[in-house]
Amino acid sequence: MSANRRFRSVTRIGPVQVGTSYDARGREKRTAACAAPRCGFSADYDSRTAAELAARTHRCPVR
């Protein structure tokens, strides 16, 4: 089942995009997702600081 999310406050840090959305229970979550082809990195966080830290420290395994 795919998640239909509406992102707002989207910023880009390198190849990673950080955005804010609501999860299935209506709680606000921050998502960091890599936009590089064949990378597949994405994770949800409770705070924007944690999502931005993950974006800054992410290294794509595919080069």
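A disulfide is counted here as a pair of cysteine sulfur atoms within 2.5 Å. By that criterion, a search of the whole structure returns zero disulfides. Cys 34 is in no disulfide, and the nearest cysteine sulfur, that of Cys 60, is 3.3 Å away. For Cys 39, the closest cysteine sulfur is in Cys 34, at 3.7 Å, which is too far for a bond. Cys 34 is buried, with a relative accessible area of 12%, and Cys 39 is buried at 16%; buried means under 20% relative accessible area, exposed over 50%, and partly exposed in between (1.4 Å probe, protein chains only).

A word on the basis of these values is in order. The model is predicted, so local features need pLDDT of at least 70 and side-chain atom pairs count only at pLDDT 80 or more, whereas totals for chains, interfaces and linings use all residues. Residues are numbered from 1 along each chain as its sequence is written, and side-chain values use heavy atoms, with hydrogens and water left out.

Turning to the strands (DSSP runs of E, at least two residues, numbered from the N terminus), β1 and β2 (residues 16-22) pair in the antiparallel sense over four bridges; pairing requires that DSSP finds at least two bridges between two strands. Ile 13 stands opposite Val 16 in β2. Two residues lie between the strands of this hairpin, where Gly 14 takes a positive phi near 65°.

Ser 9 has a phi of about 55°, lies in strand β1 (residues 8-13) and is partly exposed at 46% relative accessibility. Arg 38, with a positive phi of about 65°, is found in the loop between β3 (28-34) and β4 (42-45) and is exposed, with a relative accessible area of 69%.
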